[in-house]
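Subject: Structure handover

Hello,

Please find the structure below. My notes follow after it.

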Amino acid sequence: MTRTDMPTTWDERAHLTTFLDYVRDTALLKCDGVSAEGARKAPLPESPLMTVAGLINHLRWVEYLWFEVVFLGREDEGPWTEEDPDREMRIAVDMPLAEVLEEYRAHSERYRRLVAEHELDAEAKRPVRDGRHVSLRWILMHLIEETARHNGHLDAIRELADGTTGV
């Protein structure tokens, strides 16, 4: 994979957005060539929702939660419920992987524009669990961390599902 994590400018915004795009692109790359069966396979017996499709759909909906619900303060219309808090991972196995990937790409593009329209110090409309209102900067850092962590999961699941290893 060609490195795409070097910003063209050296300001903080460029670093945060470039790294988020890099880990997003890495997640998408982990899906290259996976079969429909491989995308739905959950090779870890204690983690039946850990599939390639489930993790990509999770990343899509995690960004929705942080940008739409927490930052913008919109109503939560995510797929999860109190009875099924990981539903976004469960429903992905019944979706064509191409659709899951396209939704992730489309939402990433929407959020790129949203981030460009706001200052990094802008506070989220909704508080997090401890009552604080985090900044857009914090949300970007958190999404880099979340996506990078799940890229590690994608590496392991992909290798166990079909033997493909990544860089």
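This is a predicted model: local features need pLDDT of at least 70, side-chain atom pairs count only at pLDDT 80 or more; totals for chains, interfaces and linings use all residues.

Residues are numbered from 1 along each chain as its sequence is written, and side-chain values use heavy atoms, with hydrogens and water left out.

Helix α1 covers residues 12-29; helices are DSSP runs of H or I with at least four residues, numbered from the N terminus. At its start, a side-chain oxygen of Asp-11 comes to within 3.3 Å of the backbone nitrogen of Arg-13.

Asn-151 is found in α6 and is buried, at 6% relative accessible area. Not counting residues up to four places away in sequence, Asn-151 touches Val-23, Thr-26, Ala-27 and Lys-30. His-133 is 18 residues from Asn-151 in sequence and 27 Å away in space, C-alpha to C-alpha.

The largest pocket holds about 470 Å³ of space. A pocket here is an open set of points on a 1 Å grid where a 1.4 Å probe fits, with protein on both sides within 12 Å along at least five of seven lines; lining residues have an atom within 4 Å of a point. Of its 22 lining residues, Leu-65, Trp-66, Val-70, Val-128 and Arg-129 are the closest to the centre. The largest share of the lining, 6 residues, comes from α3.

Regards

Notes:
Helices (H or I, at least four residues) and strands (E, at least two) are DSSP runs, numbered from the N terminus. The expected span of a helix is 1.5 Å times one less than its number of residues. A polar contact is a pair of N or O atoms within 3.5 Å; within protein, one must be able to donate a hydrogen and the other to accept it, and residues adjacent in sequence count only if both atoms are side-chain atoms. Grid points are joined across faces, edges and corners, and a volume is the space filled by probe spheres set on the points. Buried means under 20% relative accessible area, exposed over 50%, partly exposed in between (1.4 Å probe, protein chains only). Contact means heavy atoms within 4.5 Å.
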